[in-house]
Amino acid sequence: MELLTSTGLNLRGKEAVVVGRSNIVGKPVALLLLQAGATVTLCHSQTRDLAHHTRRADVLVCAIGKPQAIGGEMIKPGAAVIDVGINRSPEGKLVGDVDYGAALQRAGWITPVPGGVGPMTIAMLMCNAILSAERHAAAAGVELN
């Protein structure tokens, strides 16, 4: 959610589509978006006419593990796109689940692959580790400086 809130986007009432229903990314992201007031559609490999859903999305989160599965024509103009996927193309290049070049022409905001969600994940992991250490120290009566 930090990535979206940093854009200044108010999620209340926005149409959000999450492509991917994993327990690690898809479902938790869908719940976070719901909690933020977005209307959420959760899509997966069995979803018929995926493009119909993705073209409605003000916020599109892709986590399906298929290289460049989401083309530019599948993105609503001005949408915020978060590409969680990281895949190798047949040429060996790292690419996301979204065709970045095509999506860049339509999206209002998009995360690159590599360099988007991965570094943010590491940063949040570090923040949570520090918070956990501080809480543990406080519970043990140890003062950290």
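From the N terminus on, the elements of the protein run α-β-α-β-α-β-β-β-β-α-β-α. That makes 5 helices and 7 strands. Helices here are DSSP runs of H or I with at least four residues, strands are runs of E with at least two, and both are numbered from the N terminus. The model is predicted: local features need pLDDT of at least 70 and side-chain atom pairs count only at pLDDT 80 or more, while totals for chains, interfaces and linings use all residues. Residues are numbered from 1 along each chain as its sequence is written, and side-chain values use heavy atoms, with hydrogens and water left out.

The C-alpha atoms fill a box of roughly 55 × 40 × 30 Å along the principal axes. Of the 145 residues, 35% count as buried. Buried means under 20% relative accessible area, exposed means over 50%, and partly exposed lies in between (1.4 Å probe, protein chains only).

Now look at the loop between β2 (39–43) and α3 (50–54), where Thr47 sits. Thr47 counts as buried because its relative accessibility is 19%. A polar atom of the Thr47 side chain lies 2.8 Å from the backbone nitrogen of His44. Asp49 is found in the loop between β2 and α3 too. Asp49 has a positive phi of about 50°, although it is not a glycine. Most residues other than glycine have a negative phi.

Next comes Gln68, in the loop between β3 (59–62) and β4 (80–83). Gln68 has a positive phi of about 50° and is not a glycine. Gln68 counts as partly exposed because its relative accessibility is 41%.

What about the cysteines? A disulfide is a pair of cysteine sulfur atoms within 2.5 Å. By this rule the count comes to 0 disulfides. Cys62 is in none, and the nearest cysteine sulfur, that of Cys43, is 9.5 Å away. Cys62 is buried, at 0% relative accessibility. Cys127 is partly exposed, with a relative accessible area of 40%.

Move on to strand β7 (residues 109–110), which holds Ile110. Ile110 is buried, at 13% relative accessibility. Its C-alpha is 9.8 Å from that of Gly78, 32 residues apart along the chain. Thr111 lies in the loop between β7 and α5. Thr111 is buried, with a relative accessible area of 3%. A polar atom of the Thr111 side chain lies 2.8 Å from the backbone nitrogen of Asp83. Pro114 has its place in the loop between β7 and α5 as well. A cis peptide bond joins Val113 and Pro114, with omega about -5°. Most peptide bonds are trans.

The tour ends at helix α5 (residues 117–139), which has 23 residues. Helix α5 reaches 33 Å from its first C-alpha to its last, close to the 33 Å expected at 1.5 Å a residue. The expected span is 1.5 Å times one less than the number of residues. Just after α5, Gly141 takes a positive phi of about 80°.

Technical notes: Polar contact = N/O pair within 3.5 Å; in protein donor to acceptor, adjacent residues only side chain to side chain.
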